[in-house]
There are 2 protein chains.
Amino acid sequence: MARNTQVAADHHAPPVTQTLAQFVAHHPSRGWSDAVEHEAHRTLMNWVGCAVGAAHHETATAALGAVQALQPASQATLLGRSERVDMASAALINGISSHTFDFDDTHLKTIIHPAGPVASAALALAEHAGGSGRALIDALVLGIDVSCRVGNAMYPDHYDRGWHITGSTGSLGAAAACARLLKLDAGKTAMALGIAASQPIGVREQFGTMTKPFHPGAAARAGLMAALMAQHGYSASAKALEAPRGMMQTISTKNDWSEITSQLGERFEISFNTYKPFACGIVIHPSIDACARLRAQGVTPDQVERIELKVHSLVLELTGNKEPADGLQAKFSVFHGCAAGLTFGHAAEEQFDDAIVNRPDMVALRRKVVATVDQAIDEASADVTAVLADGRRVHVFVEHAVGSLANPMSDAQLEAKFRGMADPVLGAARCSALIAACWHVAAAAEVRTLARQGALSAEAGRHTG
Amino acid sequence: MARNTQVAADHHAPPVTQTLAQFVAHHPSRGWSDAVEHEAHRTLMNWVGCAVGAAHHETATAALGAVQALQPASQATLLGRSERVDMASAALINGISSHTFDFDDTHLKTIIHPAGPVASAALALAEHAGGSGRALIDALVLGIDVSCRVGNAMYPDHYDRGWHITGSTGSLGAAAACARLLKLDAGKTAMALGIAASQPIGVREQFGTMTKPFHPGAAARAGLMAALMAQHGYSASAKALEAPRGMMQTISTKNDWSEITSQLGERFEISFNTYKPFACGIVIHPSIDACARLRAQGVTPDQVERIELKVHSLVLELTGNKEPADGLQAKFSVFHGCAAGLTFGHAAEEQFDDAIVNRPDMVALRRKVVATVDQAIDEASADVTAVLADGRRVHVFVEHAVGSLANPMSDAQLEAKFRGMADPVLGAARCSALIAACWHVAAAAEVRTLARQGALSAEAGRHTG
């Protein structure tokens, strides 16, 4: 992922975020001259006059139309929760939730996580507007195509420069999906894309903070609002993406326009979407996958005397912690990954619970894993042999771990992953119904049904914890 | 304003905005293979599972706290209108209105229009939260300082690259103002700035469309929401502005950090704020100003036989239309500017009404203006002589037109400008009260009073038109 960018990054910048924060929080009230104080009043008065003067201009009226479409506020479901909010806020919050575990989908060519912005906006709008399941799936495919094609055009320069490409392209995808759901004509759809083009969201410095998942959420909200504004007559440049001072040339040096136009309507970027099977670093995935395959072949933890693991050196460099003390450490332990794979057949969020990590059988099983480096083995592969108490040796070699494009997760594996995340929140019965609703959504007269199945009913309360 | 940028702009980009808009609007439903259709369902299901799974994570809960602070929705005034909306939407709409006439304030060093983002956010929050006038003015000074200092650091590279610097720095200024109003400590203020740092808004390609004034509005909303989220415990990088993959290095090649840190708390950027006196291109301002001074010296249109105008060549190149047919054309007619200056003493939005432009006395007066180029005269200056019917010659030379930093608008002139915009909406009596409320706001126990004086009462209806 390390590439050269056009301009060297300045690693010695002073801490201006903190400097400004201290200033804003602590500078005394009226801690300035009479001239500054008077200028503040002049600034205020001039601004009030301008705002009053244009208050009935068609610009303000069109924007207000979009804002008023968000009332009354109890419009859309927050998945897994009982609160209901306006559709723009639902797009925001569902977008945040879906990226919080970093466990969502990945368009590998751009490392865009495409569903967060697009699905969050589309579901909220379709639920409120009474859209059909068919319309939702169409909007999802088309919206993801827009995000990922723009991403293809700008990647990798744009990402290297510092943009979180999921959020910076996500506003466009969400706007496209919502324009489609609103049945806007091509002219107004261009306006929706144009309004979204002024809102690329997210820089990579935020990784590791709550603002990372904010990016897909904010992109979802921006795209939904852009479509509503276009519907109400709001205008933007008709070449807001490609013009010299448009979005793409402003935020990326590289722009391969053919990535947008080539095979449009024939090749769909959603075909290249992948899903992460395990709730930990990708480098452990082949080892977990191999141990899960041992389990599938009938190997049980109590039979095992030793697990011989051969991996690329990077695996032990990054995840060589044999005695993780908690769930967070276990996410960086290939030994825990192997123990989870053999014991549970998977490694979802719950397999990284502190309680599971510290279970005596898990501690014991981790200690039975003997890992060695074999540079002949690719980072994406793992070689595992279980040596059983009866002397048998069971060998598994994983070339492409599950979840890669070459070896995608099966539908059953996707369902299991879903249950691992959603069962603790909704309970198994609701969870099964929700899975079925997802598979059959294209035939549903109203998306509303699915959305409401994803809500936690206020009476029921949360299933656990 | 023409400068070289690091990277040559691509002026031959294909029209991808239209291409994508056509595709999104017209591609047939389910116009793809079964494999694509199935992948769409897998994408949806995986996304739903992720969203349900993290629905009760502190990240989602903190964001929801901020969203719920926007309910119930009737929280804040839209200046000049009777509708009330939630405070984030009020920040958006007031920010849009105040920039719609392109008549707001200008920080000349960066050409940032600072009040739009900052005042729009601060007024809406202070109104709803019961803030004092003192707190509002403090927030305005500090927020504008943050926007303009960050702008100083990045200008001109950042602007040349394509960013509308008012919106791209405005999120930070609005976040700072709102953090101050919410009395956040320095740590949470840094989080508010950090969340805002992922939301630079606006590209210059939008100039000439409704999306230009959207930029300050969207920045106001983003900053207000960032502060609310930080208040509710939402986190961001503590070095989101300055880090190598933080906001500033991602969106600008030039970053002069000392512009942020130097004389912080001693020099206030609001001191360098200017206000445009006339509702037309800046190049006509000296001529209007000169003719208004003739009027102030007692010269009346009926006395005038001829007006001899000497200006820089650029003035006639850009605004040499002697017979404008309507208000829009009149904005590019120095002849109309002179007629308006002599007749009304100013040239606000109403002096560019079609009816005024086509009034016989205005047509006649424009024809009495004889303009010649004098390259010895600066663009910012004008030399005017009125030749009267009785043979007298009255001469005025304007070196620095009113509204420049060297010759700022007086408070009385600001009031007149205000009336020109606000009288037609609110009526003269309410307008006078609102002006008084602005001058005395620092002593007001509650900003709410001022805000509500700026509203159009639902019963009263709009004063005219």
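Four strands of chain A line up in an open sheet, in the order S6-S5-S7-S8 and with mixed pairing; two strands count as paired if DSSP finds at least two bridges between them. Strands and helices here are DSSP runs numbered from the N terminus, with at least two residues (E) for a strand and at least four (H or I) for a helix. Strand S6 (369–373) and strand S8 (393–398) of chain A sit at the edges with a single partner strand each, so one side of each has no neighbour in the sheet. On average, neighbouring strands of this sheet are turned by 15° against each other, direction ignored.

This is a predicted model, in which local features need pLDDT of at least 70 and side-chain atom pairs pLDDT 80 or more, while totals for chains, interfaces and linings use all residues. Residues are numbered from 1 along each chain as its sequence is written, chains are lettered from A in the order in which they are written, and side-chain values use heavy atoms, leaving out hydrogens and water.

Back in the sheet, S5 (residues 304–311) and S7 (residues 382–388) of chain A run antiparallel and are joined by six bridges. Lys310(A) stands opposite Asp383(A) in S7(A). Helix H13 (residues 285–296) of chain A packs on the sheet and touches S5, S7 and S8 of chain A, where contact means heavy atoms within 4.5 Å. The direction of H13 makes about 140° with that of S8(A); axes are lines fitted to C-alpha atoms, for helices over the stretch in contact, and angles run from 0 to 180 degrees between N-to-C directions.

Over in chain B, helix H18 (residues 360–367) has four buried residues listed: Met362(B), Val363(B), Leu365(B) and Arg366(B). Buried means under 20% relative accessible area, exposed over 50%, and partly exposed in between (1.4 Å probe, protein chains only). Pro360(B) and Arg367(B) are exposed, on the face turned away from the buried side. Among the elements covering the buried residues of H18(B) are strand S5 (304–311) and helix H16 (334–344) of chain B.

Helix H2 (residues 34–53) of chain B is mostly covered too, with 17 of its 20 residues buried.

As for chain A overall, it has 21 helices and eight strands. Buried residues make up 63% of its 465 residues.
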